[in-house]
Amino acid sequence: MSVQSSITNPQLPITTKLAMFWSLTKPSQSGLLLATGLAGYMSARCPVFNISTILGLSISLFLAIAGSTLLNMWWDRDIDAKMGRTQKRVTSKGLVSDREVLIVGVLISLIGIGWALAMDWLYGIVVFAGWFFDVVVYSMWLKRRTCWSIVWGGISGAMPILAGRVLGLESIDWIGLMLALGILLWIPTHTLTFSMKFQKDYADAGVPTFPSTYGLDITRFTIAFSSVLAAAAMIAAGVGIGMDWGFLRLLGVLSMGLFMLAAAMTFKPTERVNFGLFKYASVYMLAAMILVVLEVI
Amino acid sequence: MKLSSLARILLLLTVLLASYQVSAGIDGFDTLPIIAYTIAFGVILVAALLIFILGMEVLDSPIVVIVSTIIPLSLAVGLVWQHLASWRTSYLVFAIIGFLAVTLTRSIPTPGKIPTIVLAITHGIAGMTIFLLPIIIAVQGQIKPLYSLVGIGGALIGVGGLLLSFLKTGKPILSRETIMKLFPILLLLTTALFVAGFKFG
């Protein structure tokens with residue numbers, strides 16, 4: 001399909017168009033964030049098997065996350081087209097029109113946030129905060145100006161788990177903040193590893209990154225340090241939730257693995273260790289979420 | 001060496017079994033055995049996870065010799081603490097000294113065959129403890145017969161350790177490729193026998 005196809009042939013089959021928009025929502029990333037939201041909700045030990053609340057939480061949160069992702073894609077389409085990693089996206093290739101992406105992004109964001117506000121005002125505010133930090137603060141304001149933008153992207157990524165807990169508790173507590181901190185500190189293992197791996201891409205697109213600003217050593221140390229702090233935050237949250245002693249032991253063991261990899265990355269850095277920490281951190285966070293859910297059911 | 005799908009499944013099962021053992025399989029024990037078994041199964045868990053993520057090349061790292069000493073030593077300490085009350089303190093001292101000695105002789109340049117001797121003594125004593133103690137107390141009727149599965153697991157992990165050690169010294173018993181193929185099976189079988197022994201013994 002050519003770059004011009006959406007312009008010359010605007011009547012694409014609806015299924016093709018849906019598939020394109022679906023890919024723009026980054027389903028696996030949005031799904032993972034949704035999973036953290038559900039884990040946050042369950043961590044509140046409220047009656048978790050309330051189907052209407054679970055459905056409401058899932059749909060509202062997914063729409064808000066997907067909406068913000070679509071708007072990111074719309075805003076960053078010019079730099080995505082310059083980066084090898086992202087230039088195959090349908091927005092970069094011009095397979096869907098910019099206007100359509102903007103309209104769909106705004107629409108599903110409004111539905112998601114509106115739905116969240118209707119369910120519970122505090123939950124809605126946290127969901128909106130996540131959307132706002134991601135779209136406005138991270139993408140539109142800071143991403144092209146400073147490498148520290150990832151902190152705001154991280155705060156945005158931490159909002160779903162807080163939102164889920166807030167919906168369960170109807171208030172913000174230290175455990176929710178600790179869970180959010182765990183996610184916030186975990187996100188650099190992803191974003192910074194990507195920025196190291198695709199350093200040239202980011203340079204071509206003129207996006208400032210940690211490696212280009214502070215060098216590889218400091219970036220590696222930041223990844224290692226934030227991984228260890230993420231583990232500490234998750235353990236603290238686990239203790240706060242009242243997690244079973246056995247589950248805490250397991251979380252401690254997994255945290256030790258993370259700590260060892262972080263130490264190896266700091267003192268004997270290699271591409272392999274870097275990749276290992278990146279993958280291990282994902283498994284760690286997934287395991288932590290599963291343990292939170294198992295603790296409740 | 002790329003991991004086969006079967007190897008990945010075996011490693012994943014090992015991770016799940018070790019996770020079960022750490023989180024639920026050692027409840028009700030005294031504090032020290034809980035710590036010792038958590039360390040032993042924790043090392044198995046993290047090792048299987050790292051092999052799953054990074055591949056068999058992880059086993060080429062020099063730190064493997066030190067880390068793999070932790071498993072038999074901590075398992076043996078747990079077993080002795082539970083079943084040989086009069087040996088508790090002395091065995092704990094042996095385990096700490098043994099671990100420190102292996103770590104030191106592998107970290108700083110040490111003359112001659114000292115590193116190998118230290119490793120052989122430490123692994124030998126710990127390995128024989130894991131192999132013999134569960135079987136002896138099971139035969140004596142002090143505990144259910146299935147507890148001897150822990151001993152068989154100990155023998156298997158000893159085989160794995162021997163294969164890796166000889167490979168590292170450049171005198172492999174089996175080819176590197178065969179050892180790497182066998183390793184996930186050995187690791188899973190060992191973990192399964194330990195878990196079953198503790199659960200049903």
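User: What makes the crossing of α7(A) and α8(A) right-handed?

Analyst: The test is how the near helix is turned from the far one: clockwise is right-handed, while anticlockwise by less than a right angle is left-handed. The crossing of α7(A) and α8(A) comes out right-handed. Helices here are DSSP runs (H or I, at least four residues), numbered from the N terminus. One caveat: this is a predicted model, where local features need pLDDT of at least 70, side-chain atom pairs count only at pLDDT 80 or more, and totals for chains, interfaces and linings use all residues. Residues are numbered from 1 along each chain as its sequence is written, and chains are lettered from A and ligands numbered from 1 in the order in which they are written.

User: At what angle do the axes of α7(A) and α8(A) cross, and why is the pair called roughly antiparallel?

Analyst: The axes of α7 (98–119) and α8 (121–142) of chain A cross at roughly 150° and come within 5 Å. Axes are lines fitted to C-alpha atoms, for helices over the stretch in contact, with angles from 0 to 180 degrees between N-to-C directions. Angles under 35 degrees count as roughly parallel, over 145 as roughly antiparallel, 65 to 115 as roughly perpendicular and the rest as oblique. So α7(A) is roughly antiparallel to α8(A).

User: Which residues of α7(A) and α8(A) meet?

Analyst: Contact is called when C-beta atoms, placed from the backbone, lie within 7 Å. In α7(A), S109(A), I113(A), A116(A), L117(A) and M119(A) meet α8(A) residues including W121(A), V127(A) and W131(A). That contact divides into nine nonpolar, two polar and no charged residues. Nonpolar means Ala, Val, Leu, Ile, Met, Phe, Trp, Tyr, Cys and Pro; Asp, Glu, Lys and Arg are charged, and the others, Gly among them, polar.

User: How many residues link the two chains?

Analyst: 13 residues of chain B are in contact with twelve of chain A. On the chain B side, α2(B) gives the most, with eight residues. By class, that side has eight nonpolar, four polar and one charged.

User: How do you know where the domains of chain A lie?

Analyst: An automatic or database assignment sets the bounds: domain 1 is 14–141 and domain 2 is 173–297. Their centres, over C-alpha atoms, are separated by 23 Å. Between them, 13 residues of domain 1 of chain A touch 13 of domain 2 of chain A.

User: What pLDDT does chain A average?

Analyst: Chain A averages 89, and 96% of the residues score at least 70; pLDDT is the predictor's confidence in each residue, from 0 to 100. Over residues 1–9 of chain A, though, the pLDDT is below 50.

Methods: Helix = DSSP H or I, 4+ residues; strand = E, 2+ residues; numbered from the N terminus.
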